[in-house]
Amino acid sequence: MAGAFGFKGCQKIRGPQIRSLLEAKDFFLFDCDGVIWHGEKAITGAAKVVNALIRQGKNVVFVTNNCTRPRENYVHKFCRLGFTDVMLEQIFSSSYCSALYLRDVVKVRGQVFVIGCDGLRRELLEAGIPCVEEADDPDATIYNCALAPDVKAVLVGHDDKLTFLKLAKASCYLRDPDCLFLATDNDPWHPLSGGRILPGSGSLTAALEVASGRKATVIGKPSRFMFECISSQFRGVDPAQCLMVGDRLEVDMLFGSNCGLDTMLTLTGVSQIEEAQEYRNSDLSTNQSLVPDYVVDTIADFLPAFEELEEQSN
């Protein structure tokens, strides 16, 4: 579609161009944080855009690296914030996709040691994947704690209760070359209010990679596996008919590029257009994968295009 418009690379579009894009695409993939909402507040107009796309018969899915909550909790959040038409089947989180990878791809036979929140564990358990139970004495150390038998995978996600003992245990399990090393995502950090940041899963994974001397297999964006999950659960997914909408160049735009999708950066989250322009003007060919095809200030920029389409149909 970018070629049809005659440009490639962080061009702001509006009005007729957005309308043409809406008509041309069948699948819309949205990141959540920074695109659909900020915390517990929906981005103005986002619910109208998503609900309108669904009512027009478009396929809408949500691809998020946030692994802290199970999918059913996302359904409740969407409903709470005014996204009344979103269903469980439309949500692809890195925790859900990690469970699918362990169950359906590697068919893990044994326990999984999880560094992560309860939401990640719940997705694994719902998929029938046994997790190592944490029952250490408060004074336990790596010198005297018990190590679980039959650990066939270590999975790292966001863990706000990370301890040195967890890292040490994971390092011990990964000494077995047959033990898989997986990460829900490699996001380095997440923005908080007041200019503070929260270290992401990628920072925890990096620590374990150094300790174990191994590299983790990343399940979430920008890995292709999330798109493979979508393709396996929706019939007739054609990359040429998909648009990936996100707010992080190094995650969402790279994910779209890796999967052969057109990409759109919305400026309501982490990355800004100046960063995209720097990547576009870079001499490094690898940086071109981080450049969005299209840029909008907010996905609410879709709304005038919907109004024009409705006027045409009346």
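1. A residue counts as exposed when its relative accessible area is over 50%, as buried when under 20%, and as partly exposed in between. On that scale K215, at 66% relative accessibility, is exposed, whereas E209, at 17%, is buried. These two residues form a salt bridge whose closest N and O atoms are 3.4 Å apart. The model under review is predicted.

2. The domain assignment divides the chain into domain 1 (11–65 + 222–313) and domain 2 (99–218). Their contact takes 9 residues from domain 1 and 11 residues from domain 2. The C-alpha centres of domain 1 and domain 2 lie 30 Å apart.

3. The size of an interface is often expressed as the accessible area lost when the parts come together. Here about 770 Å² is buried between domain 1 and domain 2, with carbon and sulfur atoms giving 58% of that area. On the side of domain 1, N65, F225 and R248 supply 58% of the area buried against domain 2, more than any other three residues.

4. Helix α9 (residues 225–233) gives the most to the side of domain 1 that touches domain 2, with 3 residues. That side divides into 5 nonpolar, 3 polar and 1 charged residues.

5. The salt-bridge count of the model comes to 14. One of these pairs is D297 with K12, at 2.5 Å between the closest N and O atoms. Because D297 lies in the loop between β15 (294–296) and α12 (303–313) and K12 in strand β1 (residues 11–12), the pair ties together parts that are 285 residues apart in sequence. D297 is partly exposed at 34% relative accessibility, and K12 is partly exposed at 37%.

6. A salt bridge also joins the side chains of E40 and K77, at 3.8 Å from N to O. E40 belongs to the loop between β3 (37–38) and β4 (41–42) and K77 to helix α4, so this pair links parts that are 37 residues apart in sequence. K77 is buried, with a relative accessible area of 2%.

7. T268 is located in the loop between β14 (262–266) and α11 (273–280), and at 18% relative accessibility T268 counts as buried. Leaving aside residues up to four places away in sequence, T268 touches G34, V35, H38, I43, D297 and T298.

8. In helix α6 (residues 118–126), the buried residues are G119, L120, R121, E123 and L124. They pack against α4 (71–80), α5 (94–105), β7 (111–115) and β8 (151–156). Just after α6, G128 adopts a positive phi of about 80°.

9. Backbone geometry deserves a separate remark. Most residues other than glycine have a negative phi, and most peptide bonds are trans. The peptide bond from K221 to P222 is cis, with omega near 10°, and P222 lies in the loop between β12 (217–218) and α9. K107, in the loop between α5 and β7, has a positive phi near 50° and is partly exposed at 45%. D150, in the loop between α6 and β8, has a positive phi near 60° and is partly exposed at 44%.

Key: Residues numbered from 1 in each chain as written. Predicted model: local features only at pLDDT ≥ 70, side-chain atom pairs only at ≥ 80, totals over all residues. Heavy atoms only, no water. Helix = DSSP H or I, 4+ residues; strand = E, 2+ residues; numbered from the N terminus. Buried < 20%, exposed > 50% of the residue type's maximum accessible area, 1.4 Å probe, protein only. Contact = heavy atoms within 4.5 Å. Domains from an automatic or database assignment. Buried area = accessible area lost by both parts, 1.4 Å probe. Nonpolar A, V, L, I, M, F, W, Y, C, P; charged D, E, K, R; others polar. Salt bridge = Lys/Arg side-chain N within 4 Å of Asp/Glu carboxyl O.
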